[in-house]
Amino acid sequence: MNPKRVGRRRFLKEGPVLAAGLAVGSIPILSARSQTPEAEPPARSSASRNSYGERSRFEDYSLRRLGGQQKSDYGFRNPLQDQTGIITPVPLHFILNHDRSLQFLPNDPPDLDPKQHRLLIHGLVDRPLMFSLDDLKRLPSVSRFHFVECNANGNPTGPYGEPRRAVTATAQDTHGLTSCSLWTGVPLPLLLEKAGVQKSATWIMAEGAEAPKHFKSIPIGKAMDDCLVVYGQNGEAVRPEQGYPMRLLVPGYEGINSVKWLRRIKLVDEPYMGRSESSIYPSFRVDGKSRWFQFEIGPKSVITRPSGGQQLSGPGFYEISGLAWSGGGVIRRVEVSTDGGRTWKDAQLQDPIARKAHTRFVFPWEWNGEEATLQSRCTDERNMVQPTKEDIAKLFGVNVDYFVTGANQINHFNAIQPWKISSGGSVTNALFL
Amino acid sequence: MRCFSKLLALFIVLTVCAACWAQAPNSDRYKGVGRAATPEEIKAWDISIGISGKELPPGSGTAMDGAKIYAMKCAVCHGPGGEGGIGSRLVGGEGTLTSAKPVKTIGSYWPFATTVYDFINRAMPTGQRGSLVPAEIYALTAFILYKNGIIKESDVLDAKSLPKVQMPNRNGFIPVRVEDIPDIQKRGCQIGNCP
C-alpha cells in the first residue's frame, strides 16, 4: 500500500483529535477539571526507524530535476522552499557532477575507501606531499558556513530555461542549484605552505578521483586566501554525492571550482584549460565572444516563503522569509517589496550571518487579500546590489526578451525574483509577467 | 660601552631567533603529518596536459588511423561522423557563433587542441576510461580536428605538432590573453556580472 495514502487517511481520521487538543487552551479554566487528557498520539512504527534517524513520514520534499521532469538537466535541485534557517540538510544538497554517467545517476558517486584515498600536492612546490584522511584530521581544523552554487542556477534561457521561466516554477526550479553547509576541514594555505609553494606558481589545478577526473584551475591568490579541503559537512562526514572522503571548497566561486573526491592539487604557472573551464563554462555573449573564468557568484536572493507553488490560506499576517548570498562576502542588507517594486523596506537578517554563506532574512507582512507581488534584493559587503533582469539585459547589451528567446544559457543570472500572489492566495513565478 | 654593544648584539640575535621561531614556516610545523610523495606516485597520477603541451607523451597518429578507432569506440555515442547522438556533437558549427542558434563544437568553439587530447585521455570512452594508449589518442584527436577542417587527413599529431594547431575560435574568449585572466582590473568585471 502506498504509505503516503495511509498517512493522509490517518491524518484525516486523527485531525479532529488534534484540533480538540489544540483548542484546550481556549476553554475556560472552570471546565478544565472535567477534561481528560487527549488520546496518545500513535507511535511511529518500528519499521520506519533505523539507527541513523529518519524524518517524519509526513514530510516528502526531495531533490528534483528542473520542473520535476525526468528529462536531462544540469543536476538535482534543492527544495529551498521547504527549508528553515541557512543550513541545507545534507541529503538535500544539490547534486551536479561533471560527467554524464554520474550526472544521470545521482546515487552513483565513486565508492572511495577513506583508508585508501590520498591527496597529492605536487608541481611547483619544494616538497611534494601525500596526505591521508587521517593526516588531514590531525591538522588544525576550521568550520565555516559557505554556500556552493552552480553558475547556471537561475538561468532563464536555452534548452533548460523554459521550466525556470514557467509561472508554475517553484523556488526549487528557479534557485535550487545552491546549498549551504557548515564545512569542516583544513585551510588550503596550510597544506600548500607545508609543501612549499614556489614563486613561479600562479595557479593550482585541483582534480577529483571520480572516473572522468574532473579538474579545475584556480588562481593562486584564491587558493592562498580562504579555500579549504573539507571532510565534514553539517557535523558528519561529507556525503559520497558531495565528494566523500574530501573535497575542495572554494568559497564564493562558482561551484565547479569546489572539486569533489579531491585527490590531487598541482601547482602550475598557467590555467590548464580543461574541457569544462575552457569550453563548457565560459559565458556566451550575443557578439559570439565568450567570457571564461567567471569566478565569483554575484549578490543574489530569493523569497522562499511564500514562493511559487505555495498557497496562502487567507488574508492576515505572514512572515516573509528568504535567503540571500554573495560570492563577494557578507550580506549587509536585504530589502523586501510587497508592491511590485514601488517601495522597499529593510528586512531583518537572522544570525548566523557569515561570509559567502546563505543568510536568512525575514519580513513581517499583513496580506490584505488583494493581488500583490513580493520580491527581495540584497546588498553585499562590497556594496554590490542584486540587479533586476532589466539591469542584466543592459549589462549584456540585449533586450529583456533575449532571456526568453535566446538559445544560450546565461550564467550568473542573479536577477531579483518576483512572486505574484493572486487574490485567491496562490503564488506564481512572475519573472517574465 | 663594549659590554653594552655586546649585550645589544646578543639581544638582537635573541630577538631575531624568537621571531624566526614564532614564524616557523608551515613546512616545519605539524611534524609527522603527511609524507613525501615519491616520483613514481606523481608520475602515475599526473595526467594533466596543459596548453603548452609540455606534458604530452611520446607517440603519434593521423586522422586516417583515428577513423578506425573512432568507428569502433566513439561513433556509437557521438555519431558516425561526429554529428552527435547521446554524446555531444564534435564537428561543425563554424560561422554560427554570432547567429541566433550557435552550435558549439570542438571545431567551432574549443580554443585549444591540447584540451581535446587531455579530455579523451582522462574521460573517454565512457565506461572504458584509461583503455586508450597515446598513439590512439593522438589519432582520435587528429580525426576530430580533420573532420572539422582544421588539419589535413595525413597530418601527423604528436607532442610537438599538437600544441601548434591553431583552433579557429582561439581569440573568441575574453580576456584573450591567458595571463590576464586572474586580473579583475583587466577583465573589466563586476562581481557576478561579467557579460
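Guide: Strand 2 (residues 129-132) of chain A and strand 1 of chain B run antiparallel and are joined by two bridges; strands pair if DSSP finds at least two bridges between them. Within this pairing, Leu129(A) stands opposite Ala36(B) in strand 1 of chain B. The model is predicted, so that local features need pLDDT of at least 70 and side-chain atom pairs count only at pLDDT 80 or more, while totals for chains, interfaces and linings use all residues. Residues are numbered from 1 along each chain as its sequence is written, and chains are lettered from A and ligands numbered from 1 in the order in which they are written.

Turning to the whole interface, 44 residues of chain B are in contact with 63 residues of chain A, a contact being two residues whose C-beta atoms, placed from the backbone, lie within 7 Å. On the chain B side, two or more residues each come from strand 1 (35-36), helix 2 (39-45), helix 5 (113-123) and strand 4 (173-174). Helix 5 of chain B gives the most to this side, with five residues. Helices (H or I, at least four residues) and strands (E, at least two) are DSSP runs, numbered from the N terminus.

By kind, the chain B side holds 25 nonpolar, twelve polar and seven charged residues; Ala, Val, Leu, Ile, Met, Phe, Trp, Tyr, Cys and Pro count as nonpolar, Asp, Glu, Lys and Arg as charged, and the others, Gly among them, as polar. Chain B itself has seven helices and four strands, which run α-β-α-β-α-α-α-α-β-β-α from the N terminus on.
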